[in-house]
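I opened my notebook to look up a few things in this model. My entries follow below.

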Amino acid sequence: MDELQLLREMRSEVGSAPQSTLARGRTKLMARIDSASRPGATTSTRPPATVIPIRFRRRVLIASAAAALLVGGIVVADVVRPSGPGATAEAAEVLNSAAAATITTSDPLVGPGQYLKIDTTAVYATGVLLGDDPGGDRRTVEWLDKSSDHLYIPADQTAEWIWNREARIPTTFFSEEAKAEATKYQQSHAGEPSRAGELLRAPGGNFYGEQRLLFAGMPLDEGVKNLPRDPQALLDIIRQRGKQGRPEAETLEAIAAALGTGVVPADLRAALYKAAALIPGVTVVDRQANLDGKVGTAIGIERPDRETRMDIIIDPATGLLIGEREVTLTAGKTFPAGTAIEWTSVQTSVVKSAP
């Protein structure tokens, strides 16, 4: 089974599989990706990986920004209030204000020969398994990696997209052992695309031969055109993705991923914010959340295991999505409580050229 098939299986099961199954799937996929050349990328064949990345972000292939430039102030209108259990009143107010702001927003005008450039900075928890005997004493050593991506979307979105993926570098350690293992990992995988960086090109943004998705199993173009703009109807469709529906935290994560594709129009962005206001358990967790130097309001929800919380961070002055993060709620073997073990920040602009 190749890595593309593994990715398709993960996408089809992500809404219904138990967390243990998802973790095994992510590990298997990342091990396969790190041990063989990715389809469609200009890379050399790589030797089998000697260590296994522990976590893999469950996202659309492109981590990017909500493509919007604010041209008006926040307008308090068309507010969606939950008819039943939903987000707290404070969180609903923030989300509905963001929806009102995005309605007054003009999407960037990308002219002929120009590109919408989406700069992404991301941090991921990564680790290795130590010990050769599966039945013996095996343990995980983890640290945080950081990377930056630059995606160039042409004015004609069916034309060639360019994705400049910079090297992924270990940056944050919680023990000397983790720092030593991260250094070994970096040295032993120095020639691989994830560690050395890579420049990808693909018509229509279908990198690695995969169609761009808005939600699991839903092509991006189809979703943008056909999804309802009614918040409750939209939320119902998002929840229905997967055999048994999405847990509430995964619903918010799916909304954040959709907002981050970079090509969602203003009316659908507004509907996504309003849909998030209808999710039970969503609260305001930080009015001064700092993500990669940008300050905004963090709206979050606890995972069912209550070990982590998924946040989206919104600029209250503009309604733009700053990014998202995964925060530990309890102290683990590696990361203290309150650690952002995964986060992504985004910024958009219009440029005249691409690599």
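**Entry 1**

I started with helix 3, where Ala91, Ala92, Val94, Leu95, Asn96, Ala98, Ala99, Ala100, Ala101 and Thr102 are buried. Buried means under 20% relative accessible area, exposed means over 50%, and partly exposed is in between, with a 1.4 Å probe and protein chains only. Helices (H or I, at least four residues) and strands (E, at least two) are DSSP runs, numbered from the N terminus. Helix 3 covers residues 89–103. I checked its span: the end C-alpha atoms are 21 Å apart, which agrees with the 21 Å that 15 residues should span at 1.5 Å a residue. The expected span is 1.5 Å times one less than the number of residues.

Next I looked at helix 8, residues 248–259. Its 12 residues reach 17 Å from the first C-alpha to the last, close to the expected 16 Å. How many of the residues of helix 8 are buried? I noted 11 of 12, so I call helix 8 mostly covered. Among the buried ones are Glu250, Thr251, Glu253 and Ile255.

**Entry 1: ground rules**

The model is predicted: local features need pLDDT of at least 70, side-chain atom pairs count only at pLDDT 80 or more, and totals for chains, interfaces and linings use all residues. Residues are numbered from 1 along each chain as its sequence is written, and side-chain values use heavy atoms, with hydrogens and water left out.

**Entry 2: confidence**

I looked up pLDDT, the predictor's confidence in each residue, from 0 to 100. The chain averages 77, and 74% of the residues score at least 70. Which elements have the lowest and the highest mean pLDDT? Strand 1 (residues 69–70) has the lowest, 28, and strand 5 has the highest, 96. I marked residues 1–83, where the pLDDT is below 50. Beyond near neighbours in sequence, this stretch has 199 contacts in the model. A contact means heavy atoms within 4.5 Å.

**Entry 3: the whole chain**

I noted 9 helices and 14 strands. The chain has 355 residues, and 51% of them count as buried. Among contacts between residues at least 6 apart in sequence, 65% join residues at least 24 apart. The chain exposes about 15,600 Å², and carbon and sulfur atoms supply 52% of that area. Such areas come from the Shrake-Rupley method with a 1.4 Å probe; for residues, only the protein chains shown count as cover.

**Entry 4: aromatic rings**

I searched for ring pairs. Rings of Phe, Tyr and Trp (its six-membered ring) pair if their centres lie within 6.5 Å; planes under 30 degrees apart count as stacked, over 60 as edge-to-face and the rest as tilted. By this rule I count 5 aromatic pairs. For Trp163 and Phe207, the ring centres are 5.1 Å apart and the planes are at 50°, so this pair is tilted. Trp163 lies in strand 5 (residues 160–165), and Phe207 in the loop between strand 7 (198–203) and strand 8 (213–215), so the pair ties together parts that are 44 residues apart in sequence.

Trp163 also pairs with Tyr208: their centres are 6.4 Å apart and their planes at 65°, so I wrote down edge-to-face. This pair links distant parts of the chain too, with Tyr208 in the loop between strand 7 and strand 8, 45 residues from Trp163. Ring pairs link Trp163, Phe207 and Tyr208 into a cluster.

**Entry 5: positive phi**

Most residues other than glycine have a negative phi. Asp292 is not a glycine, yet its phi is positive, about 55°. Asp292 sits in the loop between strand 10 (283–291) and strand 11 (294–302). It is partly exposed, at 36%. Arg306 is not a glycine either, and its phi is about 60°. I placed Arg306 in the loop between strand 11 and strand 12 (308–314). Arg306 is exposed, with a relative accessible area of 57%.
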